[in-house]
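Here are my notes for your read-through. Keep the model open beside you and find each residue as you go.

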Amino acid sequence: EPFVADEYIERLVWRTPGGGSRGGPEAFDPKRLLEEFVNHIQELQIMDERIQRKVEKLEQQCQKEAKEFARKVQELQKSNQVAFQHFQELDEHISYVATKVCHLGDQLEGVNTPRQRAVEAQKLMKYFNEFLDGELKSDVFTNSEKIKEAADIIQKLHLIAQELPFDRFSEVKSKIASKYHDLECQLIQEFTGAQRRGEISRMREVAAVLLHFKGYSHCVDVYIKQCQEGAYLRSDIFEDAAILCQRVNKQVGDIFSNPETVLAKLIQNVFEIKLQSFVKDQLQECWKSDAEQYLKSLYDLYTRTTNLSSKLMEFNLGTDKQTFLSKLIKSIFISYLESYIEIETSYLKSRSAMILQRYYDSKNHQKRSIGTGGIQDLKERIRQRTNLPLGPSIDTHGETFLSQEVVVNLLQETKQAFERCHRLSDPSDLPRNAFRIFTILVEFLCIEHIDYALETGLAGIPSSDSKNANLYFLDVVHQANTIFHLFDKQFNDHLMPLISSSPKLSECLQKKKEIIEQMEMKLDTGIDRTLNCMIGQMKHILAAEQKKTDFKPEDENNVLIQYTNACVKVCAYVRKQVEKIKNSMDGKNVDTVLMELGVRFHRLIYEHLQQYSYSCMGGMLAICDVAEYRKCAKDFKIPLVLQLFDTLHALCNLLVVNPDNLKQVCSGEQLANLDKNILHSFVQLRADYRSARLARHFS
């Protein structure tokens, strides 16, 4: 433990008798404590002297050992210097010997190389003489096991023979060429046999020998041909081709010195022979007879071919494998892709026309021609402004001539066409081809189906003075709205990605905008005429059900009804139409149409009330009717409409208010801002208006 002086003295005091405090068991004795301190200090001094002598002895011993160690280090340094000098001398000697050896080796090589060449030339001359004599005696030509050595010799003789003049050495040249050809055939046969036996090492040896022969490419062809034997056993030729290439890729590096070239040649053979033949057979069957099946097969085959190409990109096929594989795909499909878009558009037109015709046939409907040109436009403008019946109205019997099933079929056909277009079109032609498909969709869906239904629906709207007219145009609006949402979704999901980065984008957006504006104009026209018909129906109800005696009963004290029969029927009709409008439209369109209907409804009731004279009890009944109309107006949930009926209800109070209170009522919150003539016109409807008292109060 570390030495602490205070604690040490404290322990010494407590051990000494008489060293405690005055309250302890023994009295405090300072003399005794001082004596103990003096004795203890003397002991500590003696201990310090003893330890100091020991330290000095150890220091002397340490100095002696340090001197001895330094002496040994100096001796070792001297020995190291001597060894280093010996090492340098040895290194110089080794360098000298190595230089001599290299020089001697160069001299030996300079002598040996010409000698080896001379020996080799002598051997070749010997073999050449055998060809001159016409008899091959050497063991290398007669022993089949030495075919490798024979191949090396004959390959060199063949090169030499090509340099000799033909007139003097024609015979020997032909013999060498014949032997060259025989050995080449034997090597290829040997390679073929080794491949069938699965002897990779033997195949590698033979391929290395054939590498210097002209028939090396034939060896590669044989290898490729045998690789494909029994490779196409499944029903999916593309999967078989992928498995074949994977298998060959694993072993071709162990056989040939240029594996990427051999593998590329195999893939080229598969594409140009197997796949091209397969594609031709598949498409030839439906080339002219079945356009739908032809397009589906072309899309499927092209997709599977490109998928196979993506798998083959994993292999080493040389520097630019992307271009290599693209050219192979193009060589197979070029003739089909050039005419693709014409077949696609022709099929899409005929298919769309058939879908529409099948639908109209199921409805037993013969499509009528919609008039165009200046006269038709003039009639339409007159009809919009005056609602005059220009031409007979068509009874559609409640049929909208719009079908979601037809629309889904058309959009599905177009979606498939867009997908094929994306896959089969050249990137430079893609926007233009996609635009052609879009124009066909617009023609058959928007014009031939939706626009025709709108025109038919417009023609089916009865005139505003027709009685008991059935209004089906709102059903047309509802279905047209749903269909156009589907059309817009396909435009964004399938067309936009194909044209987003091309000038065709603005052209498509403009065409879509024109279609929307054209349809919105016809929808607005039809809705306006439908609202006029609704108001016309209300007029017929009021004319048929409202009687003059309703508001001027003969017996003022015997009125038992809360509101008139005309009011009940009109409100029931209005509620039905409001519900129909809400079900037929969405968003802000509902509020816009309901506000227009509400304003016209208010104008009708306002003008209707102005036709009658009101007794006191009749005025009360009119107020009850207007209250019921106002309750009906609440269903519109349009603040303006409710405000109009609130004001009308306040005006009706003028029919029953006490003459003395007329001015007060007219200056109320709801009537204060109205024109005085309007207030006066309502006061004039009172039966007691001509009394001098009433006229005086209102003047």
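Predicted model: local features only at pLDDT ≥ 70, side-chain atom pairs only at ≥ 80, totals over all residues.

Is Gln 228 buried or exposed?

1. Start with Gln 228. Gln 228 has a relative accessibility of 13%. The limit for buried is under 20%, so Gln 228 counts as buried. Find Gln 228 in the loop between helix H7 (216-227) and helix H8 (237-252). The side chain of Gln 228 makes a polar contact with the side chain of Asn 269. The distance is 2.7 Å.

2. Next, look at Ile 483. This residue sits in helix H16, which covers residues 473-499. Its relative accessible area is 0%, so Ile 483 is buried. Now find Ile 450. In sequence, Ile 450 and Ile 483 are 33 residues apart. In space, their C-alpha atoms are 8.3 Å apart.

3. Ile 51 belongs to helix H2, residues 30-133. Its relative accessibility is 46%. Exposed would need over 50%, so Ile 51 counts as partly exposed.

4. There is a charged patch on the surface too. Glu 514, Glu 517, Glu 520 and Asp 524 gather there, and the charge is negative. Glu 517 lies in helix H17, which covers residues 504-545. With a relative accessibility of 44%, Glu 517 counts as partly exposed.

5. Now check some backbone angles. Most residues other than glycine have a negative phi. Asn 364 has a positive phi, near 55°, and is not a glycine. Where is Asn 364 found? Look in the loop between helix H12 (340-362) and helix H13 (374-386). Asn 364 has a relative accessibility of 73%, so this residue counts as exposed.

6. Lys 637 belongs in the discussion of backbone angles as well. Its phi is positive, at about 55°, although Lys 637 is not a glycine. Lys 637 lies in the loop between helix H21 (616-634) and helix H22 (639-652). Is Lys 637 buried or exposed? Its relative accessibility is 67%, so Lys 637 counts as exposed.

Notes: Residues numbered from 1 in each chain as written. Heavy atoms only, no water. Patch = residues over 30% accessible without salt bridge, like charges linked within 9 Å, V, L, I, M, F, W, Y side chains within 5 Å. Areas by Shrake-Rupley, 256 points an atom, 1.4 Å probe, with all protein chains shown as cover. Salt bridge = Lys/Arg side-chain N within 4 Å of Asp/Glu carboxyl O. Lys, Arg positive; Asp, Glu negative; His and termini not counted. Charge placed at Lys NZ, Arg CZ, Asp CG, Glu CD. Helix = DSSP H or I, 4+ residues; strand = E, 2+ residues; numbered from the N terminus. Buried < 20%, exposed > 50% of the residue type's maximum accessible area, 1.4 Å probe, protein only. Polar contact = N/O pair within 3.5 Å; in protein donor to acceptor, adjacent residues only side chain to side chain.
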